Amino acid sequence: MAQPRSDAERNRAVLVSVSRFHYGVDLGARPGAKRDTRRLHRVLSKLGFRVDIHHDLGADDLYSLFRKVGRLPVKDCCLVVLSSHGEEGCVFGADGKPVWLSRIFRCFENAHMEKKCKLFFIQACRGRGLDDGVQVDSSGSDVTEDCFSQYLSVPVDTAVIYATAPGYGAFMHQLGAVFLQTLCDLLEEKGGRDLELTRLLTRLCHRVAYAFQAQGRVLGGKKQMPCFLTRLTREVFPFVQTEKEGNAIGLSATSLVGTETSRSRTPSIS
């Protein structure tokens, strides 16, 4: 009988979802968020991740959570999903207070996470780039932050994937967010989980941008374009399963680019 693996031998996923806000907070409920969380839990668990779920936490509790998560044992990869209303540079806790992404990222800049792959999927608006009355993940507040501060705080070996471009809204439906549901689709498709991360993210952006189009008199024709930034120093395969039918397939979540296959190039500026 196989022994259960320790946390240090497993990749970790932390799913943080805010679907209902405290009484008196002027932010609408997000009924599709729990559906996203359930599906992500199922998909990532099958890929060998230890999945922890947290619902409807306030800002202080979220900061406390990530200070702990940033020091937990992990094999190769730590994946975080943050799903809430938001503005550029922040998401909102259940208490309506902003949770600055730059502070979250810094929780993972330590010796425990050194050389580990860190992935952040941010399902939230980054502004009000849609007409009034559109049901999106935006708060409509005037909270702002220097847009570069969150980028400068991203640790090495980290990729941040946003549901939408700066200044625009991210769609949320009762059936779930198109961004997160499309990610799950790709991970369940044949070959999707075996892709190098940047190839997978490019497919995710392409599919959301070209296959999704909002319906209805108000939303009809509206589109959404995810985007990502990366400080990865290696090729990573975070979703590949290291064993199939008991045989190792030879890929880890952080396979380095082979230097023997690199070509020397004359430095140039273009």
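Two strands pair if DSSP finds at least two bridges between them. Strands are DSSP runs (E, at least two residues) and helices are too (H or I, at least four), numbered from the N terminus. This is a predicted model: local features need pLDDT of at least 70, side-chain atom pairs need 80 or more, and totals for chains, interfaces and linings use all residues. Residues are numbered from 1 along each chain as its sequence is written, and side-chain values use heavy atoms, without hydrogens and water.

Strand S1 (residues 12–17) and strand S2 (residues 50–55) run parallel, joined by six bridges. Val-16 faces His-54 of S2 as its opposite. Six of the six residues of S1 are buried (under 20% relative accessible area, 1.4 Å probe, protein chains only). Arg-12, Val-14 and Val-16 lie on one side. Ala-13, Leu-15 and Ser-17 lie on the other.

## An open sheet

Strands S4, S5 and S6 form an open sheet in the order S4-S5-S6, with antiparallel pairing. S4 (86–87) and S6 (98–100) each have a single partner strand, so one side of each lacks a neighbour in the sheet. Two bridges link S4 to S5 (residues 90–92). Glu-87 stands opposite Cys-90.

## Helices H5 and H6

The axes of H5 (residues 178–188) and H6 (residues 197–211) come within 10 Å and cross at roughly 130 degrees. Axes are lines fitted to C-alpha atoms over the stretch in contact, with angles from 0 to 180 degrees between N-to-C directions.

How values were computed:
Buried means under 20% relative accessible area, exposed over 50%, partly exposed in between (1.4 Å probe, protein chains only).
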